[in-house]
Amino acid sequence: MKRISMLFILLLAVSTAFAQLNLKIMSYNVRNGKGMDGVHNLQRVADAINRSKADIVAVQELDSMTNRSGKKYVLGEIAALTNMHPEYFPAIEFNGGKYGIGILSKKKPISVKGYNLPGREEKRGILVAEFNQFLFACTHLSLTEEDRMASLEIIGKIAKESKKPFYLAGDLNAVPNSPFIKELEKDFEILSNPKEFTFPADVPNRTLDYIAVWKGNAPRYREVAAQVVEEGMASDHRPIVADLKMAFQEGECKDYKCEIDGIERSYKLYLPNNIKPGAPLVIVLHGYGAIPEHVENKGFGAAADKYGFAVCYPLGTNDGRGNPCWNVGYPFQEDMKVDDVSFLCKLAKKLQKEHNLSKKNTFCSGMSNGGEMCYLLAFCGQKTFKAVAPIAGLTMAWMPLAYGSSRAIPLFEIHGTEDRVSEWTGDMENKGGWGEYLSVPDAVNYWVSNNGCYNAEVGEMPLRYPDSHKVITHKYSGANKTPKVWLYEVVGGVHSWFNEDMDTADEVWKFFEQYLF
């Protein structure tokens, strides 16, 4: 039972990490929860939001502590029903309370700021929330074209100052092809579908609601799926959704199949447009129960574009449970006969030959079970991979016993101190079901001693984001040509790729590039 629960946690970590490069945005003018039937029902509004599975929602027409709403904080009530974090901006004093706009988000923003916008029938505003990777703005613009144009000038200045992608969502009170929307499209790309009507909700006949991104620093998307949600009763507007899937790199990965050691294997390969003959090769391994698609979005493609190396994501074989994995000697892998050391070495040589890649500058990284595979490559004495970088990886207790004295090899481990799948403190009693394994400090110290590293340098990385974990860097070295050993200790970090704490792929490449021939 313990093994099953650990596997569930591991797969959940993979799924959560995979979602980080995607963003689902909703905009919804909720009319304070008053439906087309005249009934105030916030549950209907919350149900529409929950069904959308949006990461962030721009919400318009919200009371706060008004008499007509029974002195309730309406956005807070919707937040409780959707399990999201609320941020509110009151545009006007109204009915004994306030009336305005808000943002609901799955993650609490780093900072929030509201700005007043012109509106001759009533004051308007824009609420801007900053997150680690983007800014998100909610607005409800004036009924008057002149006011909307003046508001757009203010919004443009805010967006232009942002160093992150800037998303704008809300009820803009303008139809497609209007002068205002044409002016908006000069600097913003509309991500929602203006051809689908949003108002009135029961029988829509025009579009007033939009989701857009500032063109100045917009990310590249693999796919944008936009829709108007068929909710015709909860409010007088229908909610709109834009599901954004970000591009991982400038080009596309290609899928390949091959036969190695009598077994059909598959892999994804990314060759940047700027790649040169004899370029380095980095093979990146998925974790237990994962697949290459779960790894492709971890930043190695972007690093390949930046530094000019090829990156390959192979697929492991299924174990008796039907889960893709690397054979590293877990107790439940006893019946697995596949030799993944042989496979990876032969795959690397195949790629070197077929794509004119370097025979000397080939490296391997991997997370979790893929990290264990990196350790196995280090222990077994193979000469195909010049350095390895396990992430949240383990040294199984059997490895140093089976291989004894090992050939010196550069090794870089990144690990969280609160990892409950691959425990920082080790598990020599096999309580987790993965088999006995060393603590992370002991595993790293093995290679420090084995490689002859007698210098130790301890530092601390600058925080990547305000809510990132502290990362303590341990760098061990010896004589000039002594293979180095690095450990990045992510204080409080759990089982992940740590891209919220650092640019993991970039850090891995910085380690590998020291050993380019």
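Student: Why is asparagine 83 called exposed?

Tutor: Asparagine 83 has a relative accessibility of 69%. Exposed means over 50% relative accessible area, buried means under 20%, and partly exposed lies in between (1.4 Å probe, protein chains only). The value of 69% is over 50%, so asparagine 83 counts as exposed.

Student: What kind of model is this, and how are residues numbered?

Tutor: This is a predicted model, in which local features need pLDDT of at least 70 and side-chain atom pairs count only at pLDDT 80 or more, while totals for chains, interfaces and linings use all residues. Residues are numbered from 1 along each chain as its sequence is written, and side-chain values use heavy atoms, with hydrogens and water left out.

Student: What makes the phi of asparagine 83 worth a remark?

Tutor: The phi of asparagine 83 is positive, about 60°, although the residue is not a glycine. Asparagine 83 sits in the loop between α3 (74-82) and β3 (85-94). Helices (H or I, at least four residues) and strands (E, at least two) are DSSP runs, numbered from the N terminus. Asparagine 177 also has a positive phi, about 70°, and is not a glycine. Its loop runs between β8 (166-171) and α5 (179-187).

Student: How do you know whether asparagine 177 is buried or exposed?

Tutor: The relative accessible area of asparagine 177 is 62%. That passes the 50% limit, so asparagine 177 is exposed.

Student: Why is valine 224 called partly exposed?

Tutor: Its relative accessible area is 36%. That value falls between 20% and 50%, so valine 224 is partly exposed. Valine 224 belongs to strand β11 (residues 221-228).

Student: What is valine 224 in contact with, leaving aside neighbours within four places in sequence?

Tutor: Contact means heavy atoms within 4.5 Å. By that rule, valine 224 is in contact with Leu191, Asp243 and Leu244.

Student: How do you know that serine 64 is buried?

Tutor: Serine 64 has a relative accessible area of 11%. This is under 20%, so serine 64 is buried. It lies in strand β2 (residues 56-64). Not counting residues up to four places away in sequence, serine 64 touches Lys72, Tyr73, Tyr88, Gly97 and Lys98. Serine 64 and glycine 97 are 33 residues apart along the chain, with their C-alpha atoms separated by 5.8 Å.

Student: What makes helix α11 largely enclosed by the rest of the structure?

Tutor: In α11 (residues 504-512), 8 of the 9 residues are buried, so the helix is largely enclosed by the rest of the structure. The buried residues include Trp509, Phe511 and Phe512. Among the elements that cover them are β15 (279-285), α6 (300-307) and β24 (485-490).

Student: What about the protein in total: how many residues count as buried, as a percentage?

Tutor: Of its 517 residues, 58% count as buried. The protein has 11 helices and 24 strands.

Student: Which peptide bond is cis?

Tutor: The bond from phenylalanine 199 to proline 200 is cis, with omega near -10°. Proline 200 is placed in the loop between β9 (188-190) and β10 (209-214).

Student: How do you know where the mean positions of the positive and negative charges lie relative to each other?

Tutor: Lys and Arg count as positive and Asp and Glu as negative, with His and the chain ends not counted. Each charge is placed at NZ of Lys, CZ of Arg, CG of Asp or CD of Glu. The mean positions of the 59 positive and 63 negative charges are 3 Å apart.
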